[in-house]
Amino acid sequence: MHRISAGNCFVYEGNNLIDNIVGSGTLVSGVGIAFLQDLQGERQTYVHRIYKGGSAEQDGKVQVGDVLERVENFPIHGKPLAEIKHIMLGEVGTYVNLVFRRTTADGTSVQYDVSLMRGQTESFLLKEKQRLQSLLDNDRKQMQHAEIEIEALRGALYRADMHKNQDFDEKQHLTMAIKEKSLKIEELQALIISIQQEIDNMSKELGV
């Protein structure tokens with residue numbers, strides 16, 4: 001696998017996105033691969049990331065670190081990533097033919113070709129984002145209910161403290177209930193933050 005420093009490269013993560021809608025209203029997409037390009041030396045284009053749910057991941061042949069050499073029989077060596085993106089993108093459901101080169105552990109260079117369908121990553125990401133959004137909405141409702149309940153418990157405890165003859169066990173019960181609700185709210189807050197971060201990351205990947 002090739003390794004180059006971030007200072008000498010450019011990362012383009014658009015090839016997994018629904019990037020455009022052509023004049024006919026057709027969705028245009030890539031195949032679930034993010035590329036990294038060395039801006040010094042040979043300006044080679046490497047596989048930087050393979051997105052879950054995309055046709056590249058499902059095919060299983062392409063690996064991180066492989067060098068892209070041809071797209072639809074067009075040599076791409078030295079071409080800017082924006083131009084490579086333009087060549088790779090196409091109508092969702094169509095296939096693009098790619099040629100890669102891989103350097104093995106013993107230094108041998110192996111070339112292989114693969115045909116990948118455009119657009120599968122977006123379908124996965126959109127469904128996963130919808131699922132996470134549903135979880136987020138549910139957790140927020142649970143937290144709202146928990147906040148209402150804890151306020152009611154605090155009010156009951158305050159009233160109990162105002163009455164000197166209030167049963168001690170009842171006060172203890174209210175105190176424990178408040179503590180449990182507080183822990184529940186903290187757990188929900190942590191879940192909400194985590195899910196929201198995942199949704200934000202998916203929105204960036206989908207370009208929305």
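Here is a guided walk, from confidence through strands and loops to the contacts between side chains.

Keep in mind that this is a predicted model, in which local features need pLDDT of at least 70 and side-chain atom pairs count only at pLDDT 80 or more, while totals for chains, interfaces and linings use all residues. Residues are numbered from 1 along each chain as its sequence is written, and side-chain values use heavy atoms, with hydrogens and water left out.

Let's begin with confidence, given as pLDDT (the predictor's confidence in each residue, from 0 to 100). The protein has a mean pLDDT of 79, and 79% of its residues reach 70 or more. Residues 1-27 have a pLDDT below 50, although this stretch has 77 contacts in the model beyond near neighbours in sequence; a contact means heavy atoms within 4.5 Å. Where pLDDT is low, the predicted coordinates should not be read in detail.

Now turn to strand β4, residues 33-38. Helices (H or I, at least four residues) and strands (E, at least two) are DSSP runs, numbered from the N terminus. For accessibility, buried means under 20% relative accessible area, exposed over 50%, and partly exposed in between, using a 1.4 Å probe and protein chains only. In β4, 6 of the 6 residues are buried, so the strand is largely enclosed by the rest of the structure. In a regular strand the side chains alternate between the two faces of the sheet. Here Ile33, Phe35 and Gln37 point one way, while Ala34, Leu36 and Asp38 point the other, and all are buried.

Which strand pairs with β4? That partner is β5 (residues 45-50), joined to β4 in the antiparallel sense over 5 bridges; strands pair if DSSP finds at least two bridges between them. Within β5, Thr45 is the bridge partner of Gln37. The loop between β4 and β5 holds Leu39, which is partly exposed at a relative accessible area of 44%. From Leu39 to Gly78 the distance is 9.2 Å, C-alpha to C-alpha, although the two are 39 residues apart in sequence.

Next, look at the loop between β6 (67-71) and β7 (74-75), where you will find Glu72. Asn73 lies in that loop between β6 and β7 too. Most residues other than glycine have a negative phi, and most peptide bonds are trans. Glu72, however, has a positive phi near 50°, and Asn73 has a positive phi near 70°. Glu72 is partly exposed at 27% relative accessibility, whereas Asn73 is exposed at 60%.

On to the aromatic rings. Rings of Phe, Tyr and Trp (its six-membered ring) pair if their centres lie within 6.5 Å; planes under 30 degrees apart count as stacked, over 60 as edge-to-face and the rest as tilted. By this rule there is 1 aromatic pair. The ring centres of Phe100 and Tyr112 are 5.6 Å apart with planes at 20°, so the pair is stacked. Because Phe100 lies in strand β9 (residues 95-103) and Tyr112 in strand β10 (residues 109-117), the pair ties together parts that are 12 residues apart in sequence.

Charged side chains come next. Side chains of opposite charge can pair when their charged atoms come close. A salt bridge is a side-chain nitrogen of Lys or Arg within 4 Å of a carboxyl oxygen of Asp or Glu, and the whole structure has 6 salt bridges. One of them joins Glu69 and Arg101 at 2.6 Å, N to O. Since Glu69 is in strand β6 and Arg101 in strand β9, this pair ties together parts that are 32 residues apart in sequence. Glu69 is partly exposed at 21%, and Arg101 is buried at 18%.

Arg154 and Glu151 also form a salt bridge, at 3.0 Å, N to O; they are 3 residues apart in helix α3, about one helical turn. Lys171 pairs with Asp161 in a further salt bridge, with the closest N and O atoms 3.9 Å apart. This pair links helix α4 (residues 168-206), which holds Lys171, to helix α3, which holds Asp161.

Finally, consider Asp139 in helix α3 (residues 120-162). Leaving aside residues up to four places away in sequence, Asp139 touches Leu188, Leu191, Ile192 and Ile195.
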